[in-house]
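Hi,

Here is the structure I promised to pass on.

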Amino acid sequence: MLPTPYVKYDFDKVYEPSEDSFLLLDSLETDQAYLNERFAELFPVVCELGPGSGIVTTFMMQNELPAAHALYLAVDINPWAIEATLDTAKRNNCDKKLIEPIQSSLTASLRNKQVDVLLFNPPYVPAEEIPDIPETRDDTDTWLDLALVGGKDGMKITQVVLDQLDDTLSPQGVAYILFCARNKPEEIVDQMKSYWNIELIQRRKAGWEVLSVYRFSRK
Ligand SMILES: C[S@@+](CC[C@H](N)C(=O)[O-])C[C@H]1O[C@@H](n2cnc3c(N)ncnc32)[C@H](O)[C@@H]1O
């Protein structure tokens, strides 16, 4: 079993690692050999959208996923997540790795077709509205709401990322994206499967939610 990073941050400011975070880690562990083989010869670019505490990006660095040498981008709208991601990297002796946390929204600051491994545990809880981005760092309640709520069907944020997948991923790129059952992931797979190879990597009941992680790659 691969080690899980030690995380100690103020969880009134960033999303506390939860069942969904651990399901994503387990999915990456399931795919360890696949990732090592696919990216063995490259200097891969890994990009996590919404790193929050930084647990997932640090897991990748700590366990040399997908390769011993890689560039890790970690893009979050929450300014505290930028600080937390660097803090978690440091606590786990990964601060000498090539890590670049970026405060930005989703793929807005990424160059086209450059990401080899895209990771996203999105805000997926269905809600009528997604709050506006706060004007100050101190509006921590809203930053935390933005970690959770995903608008209609909980898919508003994830859908943006899925629509941009072709522009985001490199030719050999793969994306690991987490869904809850209320996101209707089977319908999404049906809509996308003629253009993408889509594999269910892990599915787990978490309280009253059923969470799943799918891997997307080009046909
Ligand atoms: C469910 S949390 C996941 C945190 C962490 N990756 C984990 O697994 O524990 C979702 C994260 O997405 C971030 N987020 C929400 N909307 C975003 C956006 N438009 N662009 C970038 N990050 C966003 C939140 O700030 C939060 O850190």
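Start with Leu-35: leaving out residues up to four places away in sequence, Leu-35 touches Leu-28, Leu-65, Pro-66, Val-117, Val-174 and Tyr-176, where contact means heavy atoms within 4.5 Å. Before you read on, note that this is a predicted model, where local features need pLDDT of at least 70 and side-chain atom pairs count only at pLDDT 80 or more, while totals for chains, interfaces and linings use all residues. Residues are numbered from 1 along each chain as its sequence is written, and side-chain values use heavy atoms, with hydrogens and water left out.

Leu-35 is also one of the residues that touch the most other members in the largest nonpolar core, which has 31 residues; Leu-28, Met-60, Val-117, Leu-119 and Tyr-176 are the others named there. A nonpolar core here is a set of buried Ala, Val, Leu, Ile, Met, Phe, Trp, Tyr and Cys residues joined through side-chain atoms within 4.5 Å. Buried means under 20% relative accessible area, exposed over 50%, and partly exposed in between (1.4 Å probe, protein chains only). Helix 1 (19-30), helix 3, strand 4 (115-120), strand 5, strand 6 and strand 7 each supply at least two residues of this core, and helix 3 gives the most, with five. Helices (H or I, at least four residues) and strands (E, at least two) are DSSP runs, numbered from the N terminus. Another core lies apart from this one, with 25 residues, including Cys-47, Ala-175, Phe-179 and Ile-198.

Now the rings. They pair if the centres of Phe, Tyr or Trp rings (for Trp, the six-membered one) lie within 6.5 Å; planes under 30 degrees apart count as stacked, over 60 as edge-to-face and the rest as tilted. That rule gives two aromatic pairs. Phe-179 and Tyr-214 have ring centres 5.8 Å apart and planes at 80 degrees, so this pair is edge-to-face. It bridges distant parts of the chain, with Phe-179 in strand 5 (residues 169-180) and Tyr-214 in strand 7 (residues 209-218), 35 residues apart. Phe-179 and Phe-216 have centres 6.5 Å apart and planes at 45 degrees, so that pair is tilted. Phe-179 and Phe-216 are both buried, and ring pairs link Phe-179, Tyr-214 and Phe-216 into a cluster.

Which charged residue sits over the ring of Trp-80? The charged end of Lys-13 does, 4.1 Å from the ring centre. Arg-137 lies over the face of Trp-80 as well, at 4.0 Å from the ring centre. The test is NZ of Lys or CZ of Arg within 6 Å of the ring centre and within 35 degrees of the ring normal.

Most residues other than glycine have a negative phi, and most peptide bonds are trans. Leu-65 and Pro-66, however, are joined by a cis peptide bond, with omega about 0 degrees. Pro-66 is in the loop between helix 3 (55-62) and strand 2 (71-76), and Glu-64 is in that loop as well. Glu-64 has a positive phi, near 50 degrees, and is partly exposed at 39% relative accessible area. Asp-153 also has a positive phi, about 55 degrees, in the loop between helix 5 (140-148) and helix 6 (156-163).

Cheers
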